[in-house]
Amino acid sequence: MQILGHFNYWIFIILMMCGFYMVIASDNLIKKLVGLGIFQTSVFILYISMGKITGGTAPIVIDKAVVYSNPLPHVLILTAIVVGVATTSLGLALVVRIQEAYGTIEADEILAQDRDDSL
Amino acid sequence: MIAHLPALQVVIPLVSAPLCALLPAGRPAWLAAMTASWLAFLIAALLLYQVLAHGPISYLMGGWPVPWGIEYRVDALNAYMLLIVAAIGAIVASFGRTVVEQRLSLPVNKHPWFYTAYLLCLTGLLGITVTGDAFNVFVFLEISALSSYALISVGRDRRALVAAYQYLVMGTVGATFILIGIGLLYVMTGTLNMGDLAARLPAVSGTRTVRAAFAFLTVGTAIKLALFPLHLWLPNAYAYAPSPVAAFLAATATKVAIYVMLRFFFTVFGVQFSFETMQLDKILLPLSLVGIVSASLVAIFQTNVKRMLAYSSVAQIGYMMLGVSLVSVAGLTASISHLFNHALIKGSLFMALGCVSYRVGAARLERMAGVGRSMPWTMGAFVIGGLSLIGVPLTAGFVSKWYLIVGALEKGWWPVAVLVLATSLLAVVYIWRVVEVAYFKPAPEGLKVREAPLALLIPTWALALANLYFGLDTSLNAGVARLAAQGLLGGAP
């Protein structure tokens with residue numbers, strides 16, 4: 001039960017590790033950004049999960065006495081989503097410029113070209 | 001007006017940033033950026049004066065009471081950091097316009113965007129420092145980080161693009177870790193206000209969630225401040241960024257990350273939890289020592305002088321973290337005063353290099369042969385910065401090294417004190433390599449190099465002279481640092 005009860009948090013950890021692994025392991029700069037996106041998105045699930053209260057509804061005041069979910073983490077994560085969008089778009093813009101300058105977006109080929117430059 | 005200074009500190013550069021983008025390229029955009037950054041400096045100076053005279057300032061954003069609203073809280077440490085960031089921001093913004101713009105890989109009509117990014121970066125760094133809200137720290141951290149990636153990528157060398165990309169990946173991982181840490185703290189305490197967090201954390205500090213939050217925040221800030229071995233993004237980013245950007249980031253960005261770390265460890269988690277329960281000092285001490293030695297050694301073998309200074313920055317960050325790991329007033333005073341002194345040192349060195357590379361084309365060692373005679377003022381500023389980096393008496397660098405050694409001896413850590421002295425000698429070696437080439441190698445035949453224009457020399461010398469001034473009058477750099485250190489350790493403010 002304990003494990004199932006923490007289902008959201010398990011998903012958070014698995015997604016986070018998947019994303020992190022992609023960032024480290026892939027050589028393709030776009031795939032790295034995809035990994036980074038998954039990594040950031042996993043944190044959204046963490047925040048959204050912790051604001052949710054079992055049986056809680058959206059925090060709109062109605063006459064009946066009900067349990068409300070905590071809206072603050074959800075609002076916070078809206079900001080983080082914006083940050084994530086900005087990061088991804090800036091990253092993609094950089095990749096476009098790298099492609100123009102190097103003719104490739106593979107990290108090892110870029111590294112090889114840089115090594116030739118410094119010789 | 002005076003009551004709203006903490007808000008204006010952030011709002012002025014924030015509002016000026018989009019304004020710059022709307023102004024025509026050339027003088028107007030630059031003037032707007034310079035005015036905004038000097039105004040920010042003026043506000044920071046007023047804030048520091050107020051804090052020293054009347055104690056900490058608490059400013060409620062929009063009048064919402066804490067802990068619901070966002071509080072801007074300025075105490076001795078904040079005010080001191082604001083002054084560093086704003087002062088460097090203003091001086092770097094005054095660095096000759098035409099020269100700076102010439103070195104960007106942007107078409108002329110896009111130049112105003114450079115100033116927009118610069119002001120946004122300044123906004124972010126000032127915001128991190130002034131705010132008393134944990135989530136606000138993350139937001140400003142990302143504002144400053146995203147704009148600094150953009151600033152680095154406009155360097156003329158194509159490697160600047162790759163450096164900016166690498167920094168983007170590392171920086172985002174670091175910021176996301178900080179975000180997770182803040183989220184875990186919120187779930188345990190239900191608050192984001194730093195003062196409120198500090199009050200509520202002891203009750204739950206035994207839980208695994210708080211420990212995980214502590215770990216995430218430690219690693220996140222360690223990436224941001226480029227603590228060895230998480231410094232890999234730094235050397236390339238500083239080496240290929242345009243010189244003024246390198247001067248600005250080297251002097252402020254990592255310093256502000258160190259501030260975030262100090263704030264979280266000392267104010268939010270508390271000394272007891274951070275250093276007795278979690279024993280963080282036992283991790284920071286070896287990492288900072290290894291960082292100092294290895295980065296200094298690597299710096300000796302660089303032929304790109306900007307890269308050399310970047311590695312030297314990693315070593316200097318090691319000194320600052322060494323002071324933190326001493327967990328004493330003397331150690332913290334050393335760290336905090338080194339934040340100030342190193343900002344002056346690296347600011348002046350990178351700006352002097354900016355002058356050199358403007359005249360000789362690149363900041364590579366072999367290109368600098370003989371520039372000591374053809375550019376005496378520029379190299380004079382470089383030598384003063386270098387002496388201060390080494391920690392020669394009568395320079396600012398000496399003050400922080402002195403406190404660091406006093407702190408180590410207080411603890412009875414003789415080997416650490418000896419190591420600090422020995423690694424200063426490594427700094428002598430790498431600074432000497434530049435001095436030797438610049439002064440004692442003959443200039444190549446037929447190459448006429450002139451002194452840098454005054455528009456570059458004046459800001460460079462302003463920082464170089466500050467290195468000398470604050471080596472003699474230590475009431476600001478060491479005096480306020482001591483106050484801030486006592487505040488962090490919970491003593492009388």
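In this predicted model, 36 residues of chain A are in contact with 30 residues of chain B. Together the two chains bury about 2,900 Å² between them, and 78% of that area lies on carbon and sulfur atoms.

**Contacts across the interface**

- The size of an interface is often given as the accessible area lost when the parts come together.
- Between chain A and chain B, six residue pairs are counted as being in polar contact, with both residues of each pair at pLDDT 80 or more.

**The side of chain A that touches chain B**

- Four helices of chain A, namely α2 (7–25), α3 (29–51), α4 (71–102) and α5 (107–118), each supply at least two residues of the side that touches chain B.
- Helix α4(A) provides the largest share of this side of chain A, with 16 residues.
- Sorted by class, the side of chain A that touches chain B is made up of 25 nonpolar, seven polar and four charged residues.

**A nonpolar patch on the surface**

- The residues A:I3, A:W10, A:I13, A:I14 and A:M17 form a nonpolar patch on the surface, and together they have about 510 Å² of accessible area.
- Helix α2(A) gives the most to this nonpolar patch, contributing four residues, and A:I13 has its place in helix α2 of chain A.

Notes:
Residues numbered from 1 in each chain as written. Chains lettered and ligands numbered in written order. Predicted model: local features only at pLDDT ≥ 70, side-chain atom pairs only at ≥ 80, totals over all residues. Heavy atoms only, no water. Contact = heavy atoms within 4.5 Å. Buried area = accessible area lost by both parts, 1.4 Å probe. Polar contact = N/O pair within 3.5 Å; in protein donor to acceptor, adjacent residues only side chain to side chain. Nonpolar A, V, L, I, M, F, W, Y, C, P; charged D, E, K, R; others polar. Patch = residues over 30% accessible without salt bridge, like charges linked within 9 Å, V, L, I, M, F, W, Y side chains within 5 Å. Areas by Shrake-Rupley, 256 points an atom, 1.4 Å probe, with all protein chains shown as cover. Salt bridge = Lys/Arg side-chain N within 4 Å of Asp/Glu carboxyl O.
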